[in-house]
Amino acid sequence: MIMCYTTNQPIITNKKPMRISYSALEAYKNCPLKYKYQAIDRIKTPKSKEAVFGTILHSTMKFIHTPGILSPTLEQAMEFFSNSWNPVVFASPEEDRAAFVQGVKIIQDYYRQNNPADFNIVNLESRFQIEIGEGENKHIISGIIDRIDRTEDGFEIIDYKTTKKMPVQERIETDMQLTVYLSAFLSYYPEERKKLDKIKVSLYFLKHGVKLTASRTVEQLKEAENLFLETIKSIEAGNFEPNISPLCDWCGYQNICPMWKHKYKETLKIDSEEITALIEEYIDLKSAISLTKNRLMKIQEDIVTYMNQEGVERVFGKNGIIARSLRVTYKYDEKQIQNLLEPLGKWQEVLKLDKTALKNMADLLPASLKKEIEKAKIEDKKTSSLIVKKG
Ligand code: SF4
């Protein structure tokens with residue numbers, strides 16, 4: 001049965017709620033198009049070596065902490081890791097060896113820093129489903145919490161990470177995943193809501209041997225819920241724009257993604273030497289234009305300096321004359337114009353929203369009002385241009 005995490009009552013609703021996993025929501029936030037390929041079109045891609053490595057380490061951590069009479073020794077943990085190892089995903093024996101050695105080091109370091117017998121484990125890899133939103137906007141988020149410990153005065157929710165990069169502490173203070181996990185925990189332990197400050201949420205970065213810990217407030221839980229509801233709204237509205245980011249390097253959909261598939265020319269129906277030549281020529285011309293523009297600006301500066309020095313307004317070359325021209329721009333006195341046009345009923349016609357002024361002013365407004373202004377944005381016209389990125 002699905003429970004509401006705010007009331008801890010079963011959900012009863014006529015509208016079918018959207019069921020979405022936390023990882024799918026995160027995928028959408030990183031790239032809506034990738035989410036579509038994955039969750040809507042259900043296009044399968046091979047698991048990356050990083051994902052396989054992470055899965056093996058997660059199951060090893062589960063083995064280490066599975067409650068029993070005796071906790072597994074380092075040797076037993078190594079044996080488990082070794083038996084779970086999957087060399088098939090690695091491109092070469094060298095890559096396989098390096099990843100295996102890294103895994104061994106992670107487990108050794110883990111045992112050096114932690115004694116598994118010291119922890120009071122409440123749950124491992126526990127699946128959850130929580131309801132967010134109200135009325136017609138009820139949705140269900142699911143996920144898996146790696147580990148929940150009972151601490152001296154409360155609980156600790158831990159998620160293992162096998163990423164190369166470790167974020168700064170501030171990121172942990174607002175990490176969405178941990179906030180959702182805490183909401184899920186509270187839906188099963190509602191009485192703990194009164195002692196939020198006694199519940200820690202942590203990300204354990206296994207490659208670094210570092211655990212970063214924070215806690216959450218009721219406001220943060222509500223904020224996260226609103227953010228997810230907005231994300232779900234955007235999915236329901238069918239917004240699936242691609243988002244180029246460093247994560248594209250690990251995306252298995254590059255060969256079908258409009259932002260990348262031209263790199264995989266064999267998948268395109270139309271390609272020819274002619275278009276290849278045109279692409280090269282366009283890039284070359286664009287960079288020539290930019291060089292020319294810079295040179296023109298420099299020459300203009302020098303000529304103006306010369307004109308000032310010599311007190312001349314025109315200079316003569318073999319192929320033409322360069323004259324200095326003065327351009328004056330004017331603006332209208334708003335009050336006077338209003339006085340003239342209002343009696344004729346024409347004033348409203350000339351009043352147009354100044355987008356730049358609105359944007360500058362919006363930056364100074366409270367966040368809620370800024371959001372309302374954003375919501376009032378409607379598409380005017382769409383134009384496309386070509387942007388050249390060298391390299
Ligand atoms: S390649 Fe990048 S832009 Fe394209 S779907 Fe994947 S993540 Fe999105």
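Biologist: Why is E125 called partly exposed in this predicted model?

Modeller: Its relative accessibility is 32%. Buried means under 20% and exposed means over 50%, so E125, at 32%, counts as partly exposed. You will find E125 in strand 3, residues 120–132.

Biologist: Is R42 buried or exposed, and how do you know?

Modeller: R42 has a relative accessible area of 61%. The cut-off for exposed is over 50%, so R42 is exposed. R42 sits in the loop between helix 2 (32–40) and helix 3 (49–65).

Biologist: Why is I279 called partly exposed?

Modeller: Its relative accessible area is 33%. That value falls between the 20% and 50% cut-offs, so I279 is partly exposed. I279 belongs to helix 9, residues 273–310, and together with I275 and L278 makes a nonpolar surface patch of about 220 Å².

Biologist: How do you know that strand 6 and strand 7 pair?

Modeller: Pairing needs at least two bridges. Five bridges join strand 6 (residues 199–205) to strand 7 (residues 210–214), so the two strands pair, and they run antiparallel. F205 stands opposite V210 of strand 7. In the hairpin of these strands, four residues lie between them, and G209 takes a positive phi near 65°.

Notes. Residues numbered from 1 in each chain as written. Predicted model: local features only at pLDDT ≥ 70, side-chain atom pairs only at ≥ 80, totals over all residues. Heavy atoms only, no water. Patch = residues over 30% accessible without salt bridge, like charges linked within 9 Å, V, L, I, M, F, W, Y side chains within 5 Å. Areas by Shrake-Rupley, 256 points an atom, 1.4 Å probe, with all protein chains shown as cover. Salt bridge = Lys/Arg side-chain N within 4 Å of Asp/Glu carboxyl O. Buried < 20%, exposed > 50% of the residue type's maximum accessible area, 1.4 Å probe, protein only.
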